[in-house]
Amino acid sequence: MEFESADPSVVKSIKQRVLLNAWLRALRKPRLFPVIGDFQPDGVAEELPDMMGFDVDGEGDSARFVITQEGARLTATYGNDHVDPDKRTNRYLDDAIGPERYARVVPCYRACITRRRPVYSISTVLDNDGKDVCYERLLLPFGRGDRVEQIVGSYKAISIEGGFEIRNLMGVTPKAVPAVAVRAVIDRDFMPAIQHTSGEAVELG
C-alpha cells in the first residue's frame, strides 16, 4: 500500500499540528525518534478523549499493537462504548476492533514502525445521517535504539456540513466504507524543532 512522502504541513488539524510539534521538540539527534517520557504537548489533557496509546509487540508485518490508553470519543466512534471501561486497555487493537476494520487501518500502523516516522491519513466516511465526515489520523512513533516501542495516536473527525453523528462512525458496518483521501509518511523537511523564548515552536527544514 502506497504512502506519499510529506512534510509537516500535510497535517490539517491545528491540534494535531501541536502534537507533531511536541514530537519534534522531543526529538534529539542522533536518536531516530523521541522517548515517550520526553513527549509533553501543551493542553494534552483536553486532547486525551481523541487519543490512543499503544505498546508495539513484535516487529514488521507480525507486530501487534497493545492498547494502553483509549479516549472516550474514540470508544463511541468505533462503537465500543458497550465494553467495560476496565477492559478497554491491555488488549490488542486487532481484537478490539475486529478483522474487517483492522485490515483497513493496520497499514498506517505498520508504516509507522517500519518507516520510523509519523504517519498521517485522512479517510472520508458517511455518518448515520448521510453527512460527509473527514477522519484524520496522526500516529507518532517512540522508542529507544532503532525500534519503535510505543505509538501515540490522535484521531479527529470533522465535517464541513456541521454537526454529525459520531457514534459508530468507524464501526463494523459504517454507512459507507471509509475512502482514503490522504496517506502520508512525514519524512521531508524534517528536523527537531527549536524552542524560541516566546514559547513558539519553529520547524526547521
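I began with helix α4, which bends by about 110° at P99. The model I am reading is a predicted one. I then looked up the extent of α4 and found that this helix covers residues 93–115, 23 residues in total. Its end C-alpha atoms are only 20 Å apart, whereas a straight helix would reach 33 Å at 1.5 Å a residue. I also checked the residue that follows: just after α4, R116 takes a positive phi of about 60°.

**Entry on the sheet**

In what order do the seven strands of the open sheet stand? I read the order as β1-β7-β4-β5-β6-β2-β3, with mixed pairing. Strands β1 (4–6) and β3 stand at the edges with a single partner strand each, so one side of each is left without a neighbour in the sheet. Neighbouring strands of this sheet are turned by 30° against each other on average, when direction is ignored.

**Entry on the strand pairs**

I next went through several pairs of strands.

- Strands β2 (residues 51–57) and β3 (residues 64–70) run antiparallel and are joined by six bridges. Within this pair, I found that G53 has Q69 of β3 as its bridge partner. The two strands form a hairpin with six residues between them, and G58 in the turn has a positive phi of about 100°.
- Strand β2 is also joined to β6, by five bridges, and these two run antiparallel. Here M51 stands opposite S154 in β6.
- Nine bridges hold β5 and β6 together in an antiparallel arrangement. I noted that Y135 has A157 of β6 as its bridge partner.
- Strands β4 (residues 119–126) and β5 (residues 132–142) run antiparallel, with eight bridges between them. For L126, the bridge partner in β5 is D132.

**Entry on helices against the sheet**

Which strands does helix α1 lie across? I found that α1 (residues 14–26) lies across β2, β4, β5, β6 (150–158) and β7 (179–186). Its direction is at about 10° to β5. I then returned to α4, which lies across β2, β3, β4, β5, β6 and β7. Helix α4 runs at about 105° to β3.

**Entry on aromatic rings**

How many aromatic pairs does a search of the whole structure find? The search gives four. I traced one cluster, in which ring pairs link F54, F65 and Y109. Of these residues, F54 falls within the range of β2, F65 within that of β3, and Y109 within that of α4.

I also looked for charged side chains over rings. R64 lies over the face of Y92, at 3.6 Å from the ring centre. R183 lies over the face of F3, and here the distance from the ring centre is 5.5 Å.

**Entry on the loops**

Is the peptide bond from K29 to P30 cis or trans? I recorded it as cis, with omega near 10°. P30 has its place in the loop between α1 and α2 (44–47). In another loop, the one between α3 (72–77) and α4, I looked up N90. The phi of N90 is positive, about 60°, although this residue is not a glycine.

Notes
Residues are numbered from 1 along each chain as its sequence is written. This is a predicted model: local features need pLDDT of at least 70, side-chain atom pairs count only at pLDDT 80 or more; totals for chains, interfaces and linings use all residues. Side-chain values use heavy atoms; hydrogens and water are left out. Helices (H or I, at least four residues) and strands (E, at least two) are DSSP runs, numbered from the N terminus. The expected span of a helix is 1.5 Å times one less than its number of residues. The bend at a residue is the angle between axes fitted to the seven residues ending there and the seven starting there. Two strands pair if DSSP finds at least two bridges between them. Axes are lines fitted to C-alpha atoms, for helices over the stretch in contact, and angles run from 0 to 180 degrees between N-to-C directions. Contact means heavy atoms within 4.5 Å. Rings of Phe, Tyr and Trp (its six-membered ring) pair if their centres lie within 6.5 Å; planes under 30 degrees apart count as stacked, over 60 as edge-to-face and the rest as tilted. A charge sits over a ring if NZ of Lys or CZ of Arg is within 6 Å of the ring centre and within 35 degrees of the ring normal.
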